[in-house]
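Here is a short report for a first look at this structure. Keep the sequence and the 3D view at hand as you read.

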Amino acid sequence: MLKSYETVLIFNPVLKEKEVQEVIGNYRELLKSYKADIVEEDFWGLRQLAYPIKKKTTGFYLVLEYKVDATAIDRLEIQFKRDENIMRFLTIRMEKYHLEYNERKRRGLAGRNRKKTEAEKTNEEGQQQS
Amino acid sequence: MNRNRNRGRNNNNKEVRYLTSPKIGQQRKKYCRFKKLGIKYVDYKDPEFLMKFINEQGKLLPRRITGNSLKYQRRVAQAVKRARHIAILPFVTDLLK
């Protein structure tokens, strides 16, 4: 049975952007071999870490949302663990509201880059005037 | 001069006056922001939002301060812990805000 998962990967900042894309490409292939269905791929780029990991203070972030059979997750995580390019990973089984939230985010209704609705915009303008 | 001041005081006695605003002692009713705003999912990838639930040292704030319902406090805690794991929030720090 296919289940939805979300994985956050932190890549080593020593890599070049191109190399990171290569590694990501390999994982795309790997996921394909597990018959996974990639819903979304969000590459954040180089980002400052809140604390050093393996003496590095930055890292490339990648957020993947995909549907895959539960048995593939173990194998996938072993790959993550073995890969030296990956400093940290986090895989989460997505629940109902998480899926809903991501869907809304894709349409620009939730999250950090949320577009404001008309009602909110007029509200803000009113506040500025008063 | 002295007489003038006394007259002023007598005028004040007619109405009840407080030195401090009576609203200061009153507690504002706490509420769960998730229930009020209809937020159903706590995103662990959004540090700005999670900042509201941790103190300067990066520790989780108790429910009695945030006013979260138990259900959402649990979810906030889970989200903060996930955010720490992926180095979006620090485990220990000083002067976070």
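Which residue is the bridge partner of Leu2(A) in strand 3 of chain A? The partner is Asp69(A).

## Basis

This is a predicted model: local features need pLDDT of at least 70, side-chain atom pairs count only at pLDDT 80 or more, and totals for chains, interfaces and linings use all residues. Residues are numbered from 1 along each chain as its sequence is written, while chains are lettered from A and ligands numbered from 1 in the order in which they are written.

## Overall build

Chain A holds four helices and four strands. These are DSSP runs numbered from the N terminus: helices are H or I with at least four residues, strands are E with at least two. Their order from the N terminus is β-α-β-β-α-β-α-α.

Chain A has 130 residues, and 15% of them are buried (20 or more other C-beta atoms, placed from the backbone, within 10 Å of a residue's own). Take contacts in chain A with a separation of 6 or more: 75% join residues 24 or more positions apart. A contact puts two C-beta atoms, placed from the backbone, within 7 Å.

## The sheet

The four strands of chain A form an open, antiparallel sheet in the order 2-3-1-4. Strand 2 (37-53) and strand 4 are the edges, each pairing on one side only. From one strand to the next, the twist averages 20°.

Strands pair if DSSP finds at least two bridges between them. Strand 1 (residues 2-11) meets strand 3 (residues 56-69) over ten antiparallel bridges. Strand 1 also pairs with strand 4 (residues 86-93), antiparallel, over seven bridges. There, Tyr5(A) has Arg93(A) as its bridge partner in strand 4.

## Helix on the sheet

Helix 1 (residues 17-33) of chain A lies across strand 1, strand 2 and strand 3. Helix 1 runs at about 20° to strand 3. Angles run from 0 to 180 degrees between N-to-C directions, with axes fitted as lines to C-alpha atoms, for helices over the stretch in contact.

Terms used. Buried ≥ 20, exposed ≤ 12 C-beta atoms within 10 Å, placed from the backbone.
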